[in-house]
Amino acid sequence: MRTPRLTGLLALLLALAACAAPAATPAATPTVGQPGGGTFSPAPGASGDPGGSATPSAGPTGTPATRTTYTVKAGDSLSSIARAFETSSRQLQAWNADRYPSLATNPGVIEPGWILLVSGDPGVTPLPTPSSPPATPTPPPSGLGCNANQRVSAGSAQTFRTIPGTGPGVALTFDMGGRMDPAVDIMNFLVDHEVCATIFATGVMSQTDQGRQVLAIIRDHPGQFEIANHTMYHCDLARGGGGSPTTAPCTGTFDAARIRAELTDAEAILRDGTGQSPQPYWRPPYGSLSQAVIDAAAAAGYTKTFLWDVDTVDWKPISQGGPTAAQIAAKVINNAVNGSNVLFHLGGYETLDALELIVPGLRDRGFTLTSLSDLLN
């Protein structure tokens with residue numbers, strides 16, 4: 001049994017320890033890649049060095065009177081900056097969370113242009129980056145290179161979310177059924193970065209000025225892009241309604257003949273604009289399906305129905321609760337698996353900026369970015 005004197009001494013020691021201890025700072029989560037600007041927290045359950053620091057993690061110190069700052073560049077991570085300035089990620093959080101509050105809860109995401117306090121001494125320069133010989137590129141597995149428009153035969157009706165039985169390939173697929181900015185810029189980005197893709201286009205949007213430019217790019221790069229059918233007017237074929245850019249053609253119900261017309265009318269426009277037949281690939285607007293829709297589409301030659309397993313929700317602007325480019329990139333990079341079918345929109349609000357992060361990020365994870373045909377073959 002403790003004596004009153006011992007109990008009092010213990011209480012005094014505990015009080016002194018509490019006063020001396022620094023405020024707790026959330027540990028940095030490990031990151032996946034450094035794809036061209038900012039980094040991304042891995043999926044839940046991933047393991048790794050929680051601090052990413054180069055020095056033993058004594059508690060972080062308070063904001064110093066003198067200091068060195070650093071402007072974040074594309075490709076930086078909190079841990080890489082900590083290593084360069086011989087400090088720790090926890091210390092960088094403690095010094096900079098007041099200015100950039102997201103560091104306290106999500107240190108895996110930093111943005112180019114942030115000015116971070118990195119040292120308590122003035123004029124500190126980062127350590128030089130060690131040079132290493134360039135890695136020898138490894139050829140992609142057979143069937144998973146950047147190729148498109150090698151369509152499988154129609155065969156029996158199948159519906160896909162992912163493509164089973166593939167190697168490390170991911171299909172980036174783009175719907176063109178509504179807003180058209182910045183569709184042409186996205187296509188040019190894919191061309192420049194040698195990314196194959198499958199484009200699901202509606203007939204009506206293919207007749208706009210930008211739509212015609214997209215189809216012309218597909219025509220000029222038949223080994224990189226393949227066209228697929230997204231119906232004529234983007235109607236909800238299973239429930240009725242919907243439609244883009246107008247709801248007028250989508251009122252009422254859809255029987256087999258009307259579903260067939262939605263596909264065949266669009267097909268004529270897509271074939272004329274690209275020189276490719278979209279058969280047997282199609283995607284139902286809104287992902288809305290029923291067995292009657294599947295049967296009617298198959299009867300029209302569209303036996304391969306593609307949904308998706310990663311939805312970027314890029315059609316929704318940030319002002320209405322939609323994702324930022326960094327959020328889109330984190331979602332895709334962290335959730336893609338072998339055979340993933342990622343849904344984007346050529347009119348996505350933050351899509352172009354997100355792709356600048358996603359393409360190197362997925363490649364850093366060892367994925368080949370390719371078309372649905374490649375994955376199916």
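This is a predicted model: local features need pLDDT of at least 70, side-chain atom pairs count only at pLDDT 80 or more; totals for chains, interfaces and linings use all residues.
Where is P182 found? I looked, and P182 is in the loop between strand 4 (169–176) and helix 5 (183–192). I'm taking helices as DSSP runs of H or I with at least four residues, and strands as E runs of at least two, numbered from the N terminus.

Residues are numbered from 1 along each chain as its sequence is written, and side-chain values use heavy atoms, with hydrogens and water left out.

Cis bonds next. I checked the peptide bond from D181 to P182, and it is cis, with omega near 0°. I then went to Q279 and P280, which are also joined by a cis peptide bond, omega about 0°. P280 has its place in the loop between helix 8 (256–274) and strand 7 (281–282).

Then positive phi. I found E194 with phi near 55°, a positive value in a residue other than glycine. E194 lies in the loop between helix 5 and strand 5 (197–201).

Is E194 buried or exposed? I read a relative accessible area of 59%, so E194 is exposed. My cut-offs: buried is under 20% relative accessible area, exposed is over 50%, and partly exposed is in between (1.4 Å probe, protein chains only).

Last stop, V313. I noted a positive phi of about 55° here, although V313 is not a glycine. V313 is in the loop between strand 9 (310–311) and helix 10 (325–335). With a relative accessible area of 24%, V313 goes down as partly exposed.
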